[in-house]
Amino acid sequence: MFKIGEFSKLVKVSARMLRHYEACGLLQPAEIDRFTGYRLYSATQIPLLMRIVTLRDMGFGVEEIAEFLPNFHDATIMKQALEQKQHEVHATIAAEQSKLEKIAEISDNFEKEYFNMVYDVELKSLQAEQVLSLRETIPAEKEEALWGKLWAFIAENDVQHTGGGYSTYYGDEYEEHAVDTEIAVPVSEFGESKGGFQYKELPAIPQAAAIRFSGSYEGYAPAMGKLALWIEQNGYEICGTVRGFAIASPTDVASPADYMTELQVPIQKA
C-alpha cells in the first residue's frame, strides 16, 4: 500500500485531484488507516485511475466519467461516447476560431476608427414593401445559414428580387440560443409561398428612427447605442419590432469594410 503522497508521485496525479476523485466517488482509497487516518492506495488501482485521467483529458466531466467507467471496455458504448465528444470538441474549436477572427478583425480596424463609422439618426416613414421571407427560431450564430437557405430558394425558383435584405428579430426579449428570426428580400412580384418561404407585404411604418453604419456587423452595438440615446433624449418610445436593412451585404461586396446596414426602429411620442 502507498500513502497518498507516494501514490501521487507514482501516477503523476496530484494529491488534491486524488481527494477530488474520492469526493466525486470515482476512486476511493484502497484503505484508510484506522489509527492515523492516512489514505492508502494500491498498485491495483492504477489502471482505474489511468482510465479516469484518459477520459478527463478527452474533455469528459466527472458525471460522464462515472457513467462510462463501468463500460470502458464496451467498444460500442465507448465509440458512441467518443463520437459525441468529438462533435462537441469540433463545435468548441469552431467557436474559438470565430473569436480569434473577431479579435483580429477588431484589431486590424482600430487604426481605421472602427467604432466611429456610425451615421446620424434620421426620422422618416417607411413604405410597405413586397418581400419573400423565411422565418425560423434559430441560435443567433445560425443566421448566415438561414440566409443561405433563402438565397438557394431564390436561385432554384428564379425569383426576381430587388436590392437589399431585411432581418427582424421577434420576441419580448433577446434569446441568444433561440432567436425568432425573419429574413426577407424585396421582390418585384409575388410568387407561390411554399415550405416556409412566404411571399408577404412588410407593413408601412409611419414613423421610424433609422441609423446607418458601415463596416462589419460588429458596428451594430455602437449604432444601436447611438440610436437608443436619440430615442430617449427626444422623448420617443419604441412601438414595434426593430429590423435591420442590409444595403450592402456579403452578397453584394467582398470586404466587410464595405458593408452598409440601416437599423430601423418604429417609434411614437412617449
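Leaving aside its neighbours within four places in sequence, which residues is E22 in contact with?

## The chain as a whole

Welcome to the structure, which is a predicted model. Its secondary structure amounts to seven helices and twelve strands. Along the principal axes, the C-alpha atoms occupy a box of roughly 85 × 45 × 35 Å. The radius of gyration of the chain is 28 Å, whereas a compact globule of 270 residues would have one near 18 Å.

Of the 270 residues, 34% count as buried. The chain has an accessible surface of about 16,600 Å², and carbon and sulfur atoms contribute 52% of that. Among the contacts with a separation of 6 or more, 66% are between residues 24 or more positions apart.

Where do the two helices meet? On the helix 1 side the residues are I4, F7 and S8, and on the helix 2 side they are A15, L18 and R19.

## E22, back to the opening question

E22 belongs to helix 2. Is this residue buried or exposed? Its relative accessible area is 15%, and buried means under 20%, so E22 is buried.

Now for the reply promised above: leaving aside neighbours within four places in sequence, E22 is in contact with L27, Q28, P29, R39 and Y41.

## Two loop residues with positive phi

Most residues other than glycine have a negative phi. K12 sits in the loop between helix 1 and helix 2, and has a positive phi of about 60° although it is not a glycine. With a relative accessibility of 78%, K12 counts as exposed.

Look for D158 in the loop between helix 6 (143-156) and strand 6 (165-170). Its phi is positive too, at about 50°, although D158 is not a glycine. The relative accessible area of D158 is 58%; exposed means over 50%, so D158 is exposed.

## Along strand 7

Strand 7 covers residues 179-186, and A184 has its place there. Leaving aside neighbours within four places in sequence, the residues in contact with A184 are V131, L132, S133, W147, L150, G165 and Y166. S125 lies 59 residues from A184 along the chain, and the C-alpha atoms of these two are separated by 19 Å.

V179 lies in strand 7 as well. At 7% relative accessibility, V179 counts as buried. Which residues does V179 contact, leaving aside its neighbours within four places in sequence? They are E136, T137, I138, A140, Y169 and Y174. From V179 to T168 there are eleven residues in sequence and 10.0 Å in space, C-alpha to C-alpha.

How values were computed. Residues numbered from 1 in each chain as written. Predicted model: local features only at pLDDT ≥ 70, side-chain atom pairs only at ≥ 80, totals over all residues. Heavy atoms only, no water. Contact = heavy atoms within 4.5 Å. Helix = DSSP H or I, 4+ residues; strand = E, 2+ residues; numbered from the N terminus. Rg over C-alpha atoms; globule rule 2.2 N^0.38 Å. Buried < 20%, exposed > 50% of the residue type's maximum accessible area, 1.4 Å probe, protein only. Areas by Shrake-Rupley, 256 points an atom, 1.4 Å probe, with all protein chains shown as cover.
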